[in-house]
Amino acid sequence: MVMSNQQLEGSTVTAALRAARNRHTGAVVWFTGLSGSGKTTLAAQLERVLFEQGKEVCVLDGDSLRRGLCSDLTFSPGDRKENIRRAGEVAKLFAEAGFICIAAFISPYGSERELARGIAPAGKFLEVYLSAPLEVCEQRDPKGLYAKARTGEIKDFTGVSAPYEPPGRADLELRTDLLSIDECVARVLAKINTLT
Ligand code: ADX
């Protein structure tokens, strides 16, 4: 049976229909910051809280994408750019499907973060800068990578032998070395509520 254009339009699941059922719109919440700044930890906690609130939520994390979708990429500037482009495209698909997509990537270049904002649905992108100082991240060194970067065992390590461009005008900046995780979650939630 051939469907008319009108019938097809009537059957389309629009962003508005999804938002009405979910009681929130899709969005991309983009965490940027040095390795060890708390992106993964905060993403997991925020996801848990949003999930408990009945929201559609998911996390995209640098470490996990680099094990799969982006396993062909290195940490060269060009490959980091491609990493963020892919992450931005996937985040956009989730946002369009109605999810609050939390993306946790070092994303060291301002231009790539702007690219990710441009890919996301208009007005539905929050840039959250986790701004713990390098010394604190290095002291935490949860994966032992800073130590390896200092000896040169790991090359092009962000903050040590590769650049990190701090956001000039993030939607939210969180000093994760000074604030508790609960406080950080509360501040991100307040921002999310302004867009969804
Ligand atoms: S990004 O720069 O391309 O945005 P991404 O967030 O995907 O980085 O991955 C960062 C993770 O890769 C770090 O948390 C760390 O575990 C690991 N890693 C391995 N090598 C490096 C490196 N040279 N620089 C930064 N992170 C690295």
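Morning, everyone. A reminder before I start: this model is predicted.

Where does it sit? The ligand sits in the largest pocket. Two helices each give two or more residues to the shell around the ligand: α4, residues 62-65, and α5, residues 77-96. Which one gives the most? That is α5, with 3 residues.

Now the shell itself. There are 19 residues around the ligand. Five of them come nearest: R66, R80, N83, S107 and K143. What about classes? The shell has 8 nonpolar residues, 5 polar ones and 6 charged ones.

An N or O atom in the side chain of K143 is 2.8 Å from an oxygen atom of the ligand. I106 uses its backbone instead: a polar backbone atom there is 2.9 Å from a ligand oxygen. K155 also works through its backbone, where an N or O atom lies 3.2 Å from a nitrogen atom of the ligand.

How much of the ligand does the protein bury? Taken alone, the ligand exposes 560 Å². The protein buries 91% of that.

Last topic: aromatic rings. The whole structure holds 5 aromatic pairs. I'll show you one, Y146 with F157. The ring centres are 4.9 Å apart and the planes meet at 80°, so this pair is edge-to-face. The cut-off for edge-to-face is over 60 degrees.

What does the pair tie together? Y146 lies in helix α8, residues 145-151. F157 lies in the loop between α8 and β5, so the pair ties together parts that are 11 residues apart in sequence.

That's it from me. Thanks.

Definitions and conventions
Residues numbered from 1 in each chain as written. Predicted model: local features only at pLDDT ≥ 70, side-chain atom pairs only at ≥ 80, totals over all residues. Heavy atoms only, no water. Near = heavy atom within 4 Å. Polar contact = N/O pair within 3.5 Å; in protein donor to acceptor, adjacent residues only side chain to side chain. Areas by Shrake-Rupley, 256 points an atom, 1.4 Å probe, with all protein chains shown as cover. 1 Å grid on protein atoms, 1.4 Å probe; cavity = no way out; pocket = protein on both sides within 12 Å on 5 of 7 lines; lining within 4 Å. Sits in = over half its atoms within 2 Å of the grid points. Helix = DSSP H or I, 4+ residues; strand = E, 2+ residues; numbered from the N terminus. Nonpolar A, V, L, I, M, F, W, Y, C, P; charged D, E, K, R; others polar. Phe/Tyr/Trp six-rings, centres within 6.5 Å; stacked < 30°, edge-to-face > 60°.
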